[in-house]
Every structure is written in C-alpha cells, then in structure tokens.
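Subject: Structure handover and notes

Hello,

Here is the structure I said I would pass on. Please open it beside this email and follow the notes with the residues in view.

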Amino acid sequence: MKLILCVIVLLVAHASHDAASPRDEPRWNEVASNDGSWIVRWRLLVEGKPAELPLARKRFTIELQIESTGDPQETPTAVLVDAQMPEHLHGMNVAPIIALTTGAVGSALATAEGMLFHMSGRWEVDVDIDDGTTVERAQWNITLP
Amino acid sequence: MREYRTRLARVMVVALLCALSSTPLAQQVPVAVPSSSELAGPFLWQSAGLHEPVAVAITQEGLVAVADGCGEIVGLCATDGSRLWKTSTAGTETLVKPAGIAALADGSLLVADARRRCVDHFSSRGEWVSRFAPAVAFGQPTSIAVGSLGRAVSGAATQCVALVDEGCHEIILISAAGEELRRISRESFPMKDGSRALPSQVAFVGSGLLAVSASEQHEIFILDLGDAAAVATGAPTVTASAVSSLSWGGRGPFPGLFNHPMGLAGDGEWLWIADQFNHRIARQSHAAATKGEGKLAYGQHAVFPRAGEGAVHYPVSIAVARDVARGAQRGALAVVCEPFERRVQAFEPRATEEPADLRLVLPKLEGVQSHFGGSAARAGKRLFLHDPESATIVVFDLSRGQPIHVSTLSGAGVKPHETGRIDAMVALNEGRRLLIADGANQRLALFELTAPPAEVIFEPFMGKLVKTRSYARLDLPRDATIVSIAQSDALGIVALCCEGPRIVTLDRSLRIATTLPITAPDTTASAVAIACADDALVGVLFDKPAVICLYRFADNEWKPAGIIALPATVNARNLAAGPAGQWWVVDAMNDSIVVCRADGTTNTLGSSGVADGMFWLPGACARGEGGEMYVVDTGNHRGQEFTASGEWKLTFSLGRTYTRPRTADEVLKIRKKPDAPAVKGATQ
C-alpha cells in the first residue's frame with residue numbers, strides 16, 4: 001500500500017513539474033497576415049529569455065517564425081517590424097534592429113531587437129513581409145495596463 | 001429693471017476696486033499683441049476672373065505678369081491689379097500649359113510651357129519675341145527664376161536662368177544667352193532618411209544662392225551654385241557635387257514646418273514661401289545660422305472657399321519686389337497666386353523686424369472641414385473621398401439614403417500604412433477594400449475595412465493596411481504617376497500611368513500585374529483618368545484637347561475601340577462610367593460635368609458658383625448603385641449627389657447633409673464668413 005502511495009506521489013510530482021515548464025516558456029502566438037498569404041508566429045524575449053506580457057518601459061525582442069500559406073517554397077525577402085499607438089497617432093521612440101534568416105524550407109525566422117513600449121495603452125505591432133513583389137502586413141494588438 | 005440694478009452694482013464695485021488699487025484701470029486691460037499675420041503687411045488689391053493662376057512675376061516698371069495654366073499669360077497693373085493685356089499665343093503656336101514665369105532685368109518675360117516643352121520669350125507688353133534656349137532639351141519645364149550666377153568674382157553679376165524640369169526632376173541652369181550651363185540632379189536634395197527629394201519650384205535668394213522647394217517632402221533647400229566664373233565657363237571642376245546645400249522643413253503647421261510648400265520668392269533679405277496646405281505665405285530666413293526662422297505670414301485665416309480680401313487659400317506661387325512703380329509712387333509689392341480661388345492678391349510687405357512678443361497665428365480649423373481632393377471611389381454602400389491636407393481617406397456609408405461619415409483611414413507619412421499624395425482610389429469587394437495610388441510614396445496601398453458595411457457607426461480604427469506594391473515593381477518609369485484607377489469584373493484592376501501613357505492591369509491580390517502602352521492622340525493632351533464600362537470597355541480621358549479614347553483588351557494588347565470628342569472648351573479633369581453607356585467627364589475649369597450618352601449626344605450638368613447644384617473646381621465623380629452621381633465639389637469643400645436624371649438631390653460634407661437646396665447667400669452664411677462674397681462671380 002505504501003509503495004502504491006509513493007508511486008502516486010511521484011507521478012503527481014512529475015506531472016506538476018511538466019505542467020510548470022510551459023509557464024516558464026510562454027507559448028508562441030499565431031496570426032495570419034491581412035491577406036492570408038503568411039502565418040506569423042511570434043513571442044517576446046527579454047534579455048534573451050522568453051517573457052510574458054506586459055512589457056511596459058522595458059526593452060524587448062520580438063521573435064518571429066514566418067511561413068507561406070501558398071507556395072511552400074516561398075520565403076520573405078525582407079521583413080519590417082514596427083509598432084504604433086493608433087489612438088495616440090504615434091509610434092515607438094526607438095528603431096528596432098531587424099534580422100531575417102531563412103529557416104527550414106518555406107519558413108523564415110526574424111528578430112526585432114530593441115523594441116520599447118514607452119506608454120501604457122493599446123499598441124499595434126505591425127510586421128510587413130516583403131516577398132519581392134508585394135509587402136503584406138500582419139498585425140496584432142498588445143495592451144499595456 | 002432688476003437686471004439693470006445688478007449690472008450697475010457690478011460696475012460700481014469694479015470702479016471702487018480700481019480706485020482703491022494703485023494700478024490704473026487702463027493698464028489692467030490686456031494690450032493687443034500684434035499677430036504674425038497682421039504684421040506681415042496690408043492687403044492692396046486682388047484680381048479675380050483668372051482661370052488657373054499658377055505663377056507670377058513682377059517687373060520694376062510696375063507689371064505683374066501671371067501665367068495661367070489654362071493657356072494664357074496675363075499682364076496686370078501693379079497699382080490696382082487692372083488687366084493690361086492678355087495673350088494665348090507664342091508666335092504661330094498656342095500656349096497650352098504655362099507653368100512658370102520670370103522677369104528678366106530688361107522687363108521682358110520668360111514663360112515655361114510644360115506641355116509644349118519649351119520656354120518662350122515675351123516683351124513686357126505680352127508680345128512674343130522668340131523661343132528661349134531652343135537647343136536645350138526640356139522634358140516638362142515648370143518653375144523658372146532669373147538671378148545672378150555665382151558670387152560675381154569679376155564684379156559684374158552674371159544673369160542666369162534656373163528652371164525646374166519635372167520630366168526628369170532636375171534643375172537646369174541656362175545662361176542669359178540661352179546656353180545650357182549645368183543640370184542639378186536630385187542627388188543634391190538629400191533627405192534625412194537617405195531618400196532624395198524632388199524639386200518643385202525655384203527662386204534666387206542672393207547671388208549664386210538658389211532656393212528650391214520640395215513639395216512632396218515638405219522641405220526647403222538652399223543651393224550654393226558655386227564660383228561664378230567657373231560655372232559660366234563650364235569648367236570641368238564644377239559638377240553637381242560642388243553644390244552645397246542646407247535644408248529645413250517637415251510636415252506641420254508651426255513656423256519652420258510646411259504642408260506642401262510650392263512657390264518661392266526672395267527679396268534680397270528674406271525667403272517667401274507659398275505654403276499651400278497651410279494656407280499661408282511664410283517669411284523665413286535662409287541664412288545658415290538662422291534657417292527656417294521667421295514667424296510672419298500672410299493669410300493663414302482662410303479655410304473657407306471664397307473668403308474675402310487678404311485671406312489666402314491654397315497659395316501656389318508668390319513674387320516679391322522691394323521697389324516697384326505703383327502709380328505715382330514706388331514701394332514694395334508681394335503678389336500671391338491662388339488657383340483654388342482663381343485670383344491673385346497683392347500685399348505690401350512692410351515689417352522687417354519681428355517683435356519678441358509676437359502672437360503666433362497658426363492655420364485655423366473651425367470645426368470639421370471637408371477639404372476633399374480630386375478623386376472618389378464607390379462600391380456597394382460605401383463612398384470614399386480623400387483629404388489632401390492630412391493625406392487621409394474619409395469613408396461614407398450610403399445605406400441610410402444619405403452619406404454618413406463612418407471612418408477615416410491612414411494619415412500623412414512614409415510608413416506602409418501612411419500616405420503622401422493620394423492620386424487615385426478604387427473601391428473593391430463591395431466597399432470592404434480600397435486601393436489607393438500614393439504618388440509621393442510611389443506605391444499602391446490596399447486597405448481593408450474591418451466592420452461590416454451594414455454597421456453605420458463611426459469607428460476611427462475601422463481600416464487596416466493589407467498590402468502594398470511599389471511602382472518600381474510595376475515595370476513603370478522612375479517617378480511615374482498613376483493618375484487614375486478603375487476596376488471591372490472582366491478586367492480586374494486597371495491603373496492609368498500618364499507617362500507613356502500605360503495601363504497597368506492587376507489582380508485583386510496585386511501579385512499579378514501587366515503593364516502595356518496604349519496609343520494616345522497626337523496632341524499635347526495628357527492622359528488624366530480611366531474608367532471601365534459594364535461591357536469591359538475601357539475609357540481613357542485626355543485633358544486638352546479633351547477626348548475619351550476607348551480601348552478593349554485583346555490578344556495581349558489594348559486595342560483602340562473608338563474616340564469620343566468633347567467640346568473644344570472642355571478642360572477635362574476626371575472620368576467615370578455612368579449607366580446605359582454614359583461617360584461622365586469632370587470639367588474642372590468650366591465647373592460642370594459633361595454627360596456623354598451612348599447615342600453620341602452630350603449635355604452639361606452644373607455651372608460655376610456656390611449655390612447647391614453649382615460647382616467650383618469639381619475634382620471627381622462616382623456612380624452610385626442606382627445610377628445616381630456623386631460629385632466631389634472640391635472648390636466648395638463639399639460633395640453633392642444628383643439623381644440618375646441629373647437633378648440635385650443633396651449636399652454633404654463630413655459633419656452636415658441637407659436636402660433643401662440653398663442659395664449662394666445661404667451657403668456663404670453657413671460658412672460663417674461675413675466678408676465671404678468678395679470674389680466676383682462667386683455668388684451666382
């Protein structure tokens with residue numbers, strides 16, 4: 001009986017340890033671009049480590065995975081990342097450093113370092129994906145209390 | 001009676017307090033601080049009745065010469081603005097589009113004709129003398145200025161002509177004898193973001209110093225043309241890189257900022273700037289240490305059409321002279337061109353110093369304005385107009401029987417979701433999407449409205465950018481202009497590029513594009529608009545002489561399918577396809593819409609004025625779902641709707657719609673401008 005109880009305790013402890021891992025590493029968020037040509041997965045990093053929202057007045061990095069929904073061979077040739085507060089008619093006070101690397105076939109990885117939301121309120125993050133012909137936007141909101 | 005007693009008591013209390021106080025009553029009344037507008041100089045006269053005054057020059061002998069973009073040059077008396085002479089010919093040729101005018105030292109005139117691609121020399125009485133600089137190849141000559149070249153190292157100033165060629169976006173320096181000296185490329189106009197500005201207008205502001213406005217970039221440049229002797233001899237050491245420049249500007253209303261600066265003038269001390277969308281003439285320093293400083297400005301209070309004397313509205317050109325014969329006396333004179341009001345106004349620049357306690361007058365906005373530009377788009381229950389001043393698109397919902405403003409898209413800037421100069425629009429997907437041609441940012445931009453068309457709720461963030469496509473990826477010439485866009489189920493999106501001209505065909509994702517030339521009439525006319533009829537017939541409008549050329553797409557090319565000639569007086573601006581095979585031509589100069597029916601007959605809708613049913617510089621029209629016509633009455637800051645049979649139905653703007661027709665006096669009263677009907681012919 002004691003042995004069974006020990007096993008149960010160990011199983012519960014193991015399960016709770018597994019459940020803690022995703023909380024330490026926030027999951028990737030996913031958004032489709034505004035004409036549906038791309039799937040963009042994104043997450044935030046602070047000092048190189050995944051971070052939770054909100055991130056008011058703290059420098060952070062946006063990490064992006066971009067995949068084409070059409071031709072699987074298609075990858076972006078350039079990516080622009082920016083953020084704005086539409087209600088306040090302004091953007092960030094900083095210009096992020098954007099790096100684009102080609103990942104597996106049909107996907108690209110990008111980072112925008114040095115992002116800073118200097119005010120509370122609704123921020124719209126804009127990712128403009130250039131395929132060499134058109135530049136298509138993906139966007140999402142982040143609201144800081 | 002009780003009220004009077006109360007007032008009397010109050011007055012007595014105030015008097016008692018003043019008597020007890022050691023401060024005199026007079027000093028407690030605020031002293032009026034002079035405003036930047038009042039100090040600039042008093043109004044002298046205006047000369048109305050012009051068609052499209054786009055450039056002006058003043059001679060020392062008291063002549064004010066005006067280039068009218070409709071094909072005339074007009075001589076006015078500097079004393080009172082009375083007309084001395086008018087001409088529309090240059091030798092055996094007819095003037096087509098005078099765009100620049102300058103006075104030589106002997107009082108004769110140089111006139112740049114953008115369409116005839118030449119510069120003509122006229123006497124001070126308006127008589128044609130000769131073709132100026134016939135050996136110089138001009139693309140599209142516009143602004144022209146006369147000044148001295150270099151720093152006059154030999155003592156004698158070398159007269160020089162500077163001319164903006166908008167065909168290649170260069171400035172050409174020409175000697176007084178008509179020999180080309182040098183071309184200044186766009187590389188001399190660097191912007192902070194690394195891009196290059198495009199020169200719009202020029203003026204000499206000192207010996208060898210040339211001021212250049214870059215309208216689309218809202219920037220002013222000062223070029224040092226370098227050593228006079230070296231330039232005059234064409235020495236190989238003098239190149240475009242020898243031109244040093246300083247610049248200032250940016251888009252905004254405060255002094256030192258501009259909103260589409262156009263014409264320039266120098267009076268030997270100050271630079272005068274026609275700040276078009278700020279409705280003012282700014283006087284600023286152009287010295288390196290104080291560049292952009294100076295708060296005095298003319299006009300600034302004119303935001304209403306047909307505003308009275310001294311109120312400047314969309315100025316595009318200015319000339320300033322310090323010593324001009326005005327009747328029996330001599331004095332300073334400044335003359336401003338306002339094609340939007342079809343007039344020029346003269347001021348007497350007086351103040352030279354600015355007091356420290358100057359009261360700054362900024363462009364005034366009295367409530368909601370409806371500064372609609374020259375394009376319109378309608379699909380489903382949505383109508384889209386645009387505002388050039390703020391580079392925004394306003395969205396109207398039509399589902400309730402009258403246009404209701406439900407959203408505003410975009411705004412001025414260079415980011416992908418921002419716009420610079422909106423040249424054309426087309427509504428797609430039943431009004432859920434809008435494609436615009438942004439000439440300043442050289443791209444097409446596709447927006448989507450998130451709220452369903454049925455919801456009539458003002459939602460400022462309804463629009464989002466979907467995608468853009470650069471003109472550079474459309475097989476178009478560098479700095480091309482897409483002047484008009486249309487769409488049909490059979491053809492998709494068709495965009496008209498006036499260079500060529502060419503038609504760009506796009507699918508609705510903007511990914512598949514084909515650019516092909518079209519055959520154009522063998523005239524000086526320019527392609528200005530495109531429209532699609534229901535049967536996949538495409539009409540392209542040419543402005544002057546005005547014709548609609550019809551095309552069908554077959555065998556991978558645009559094949560001519562007919563020509564509709566328009567009356568000789570028409571100066572065409574825009575085109576829409578009406579019901580039953582009709583073509584609607586916007587005639588901006590004659591303030592009317594020409595309806596061309598399928599049977600070959602035509603009739604005219606509207607006339608010049610401000611009463612409902614009348615127009616002032618109409619910019620565009622769009623067809624409603626039931627065949628009704630929406631007209632952008634640009635010069636009256638409003639839109640009007642007409643039934644399919646051509647009867648006035650309603651007038652609308654951003655904050656007002658009404659269905660009872662108003663007279664001109666009633667309309668002007670609504671505009672709250674007591675001195676409004678000052679321009680002759682405005683109150684018809």
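Predicted model: local features only at pLDDT ≥ 70, side-chain atom pairs only at ≥ 80, totals over all residues.

Residues are numbered from 1 along each chain as its sequence is written, chains are lettered from A and ligands numbered from 1 in the order in which they are written, and side-chain values use heavy atoms, with hydrogens and water left out.

The interface

Between the two chains, 21 residues of chain A are in contact with 15 residues of chain B; contact means heavy atoms within 4.5 Å. The buried area between chain A and chain B is about 1,600 Å², and carbon and sulfur atoms give 43% of it. Buried area here is the accessible area (1.4 Å probe) that two parts lose on being put together, summed over both.

Seven salt bridges are found across the interface of chain A and chain B. A salt bridge is a side-chain nitrogen of Lys or Arg within 4 Å of a carboxyl oxygen of Asp or Glu. In one, Arg433(B) is joined to Asp35(A), with the closest N and O atoms 2.8 Å apart. There are also 13 residue pairs in polar contact between chain A and chain B, both residues being at pLDDT 80 or more. A polar contact is a pair of N or O atoms within 3.5 Å; within protein, one must be able to donate a hydrogen and the other to accept it, and residues adjacent in sequence count only if both atoms are side-chain atoms.

On the side of chain A that touches chain B, at least two residues each come from strand E5 (78-85), strand E9 (121-130) and strand E10 (135-144) of chain A. Helices (H or I, at least four residues) and strands (E, at least two) are DSSP runs, numbered from the N terminus. The residues on this side of chain A are three nonpolar, seven polar and eleven charged. In this count Ala, Val, Leu, Ile, Met, Phe, Trp, Tyr, Cys and Pro are nonpolar, Asp, Glu, Lys and Arg are charged, and the others, Gly among them, are polar.

Strands also pair between the chains: E10(A) and strand E34 (residues 463-470) of chain B are antiparallel, over two bridges. Two strands pair if DSSP finds at least two bridges between them. Glu136(A) has Lys467(B) as its bridge partner in E34(B).

Chain A

Chain A has one helix and ten strands. From the N terminus on, its elements run α-β-β-β-β-β-β-β-β-β-β. Of the 145 residues in chain A, 43% are buried. Buried means under 20% relative accessible area, exposed over 50%, and partly exposed in between (1.4 Å probe, protein chains only).

Salt bridges

Over all chains the count is 42 salt bridges. Within chain A, Glu30(A) forms one with Arg41(A), the closest N and O atoms being 3.0 Å apart. Glu30(A) is in strand E1 (residues 29-32) and Arg41(A) in strand E2 (residues 38-46), eleven residues apart. Glu30(A) is exposed, with a relative accessible area of 53%.

In chain B, Lys86(B) and Glu72(B) meet in a salt bridge of 3.5 Å, N to O. Lys86(B) lies in strand E5 (residues 83-87) of chain B and Glu72(B) in strand E4 (residues 72-77) of chain B, so the pair ties together parts that are 14 residues apart in sequence. Lys86(B) is partly exposed at 46% relative accessible area, whereas Glu72(B) is buried at 15%.

Which residue does Arg433(B) meet in a salt bridge of 2.7 Å? The partner is Glu448(B). Arg433(B) itself is buried, at 10% relative accessibility. Salt bridges that share partners join Asp35(A), Glu136(A), Arg433(B), Glu448(B) and Lys467(B) into one network.

A buried strand in chain B

Strand E25 (residues 329-338) of chain B is largely enclosed by the rest of the structure, because eight of its ten residues are buried. E25(B) runs antiparallel to strand E24 (residues 317-326) of chain B, joined by eight bridges. E24(B) and E25(B) form a hairpin with two residues between them, and Gly327(B) in the turn has a positive phi of about 70°. Five bridges join E25(B) to strand E26 (residues 343-347) of chain B, also antiparallel.

Regards
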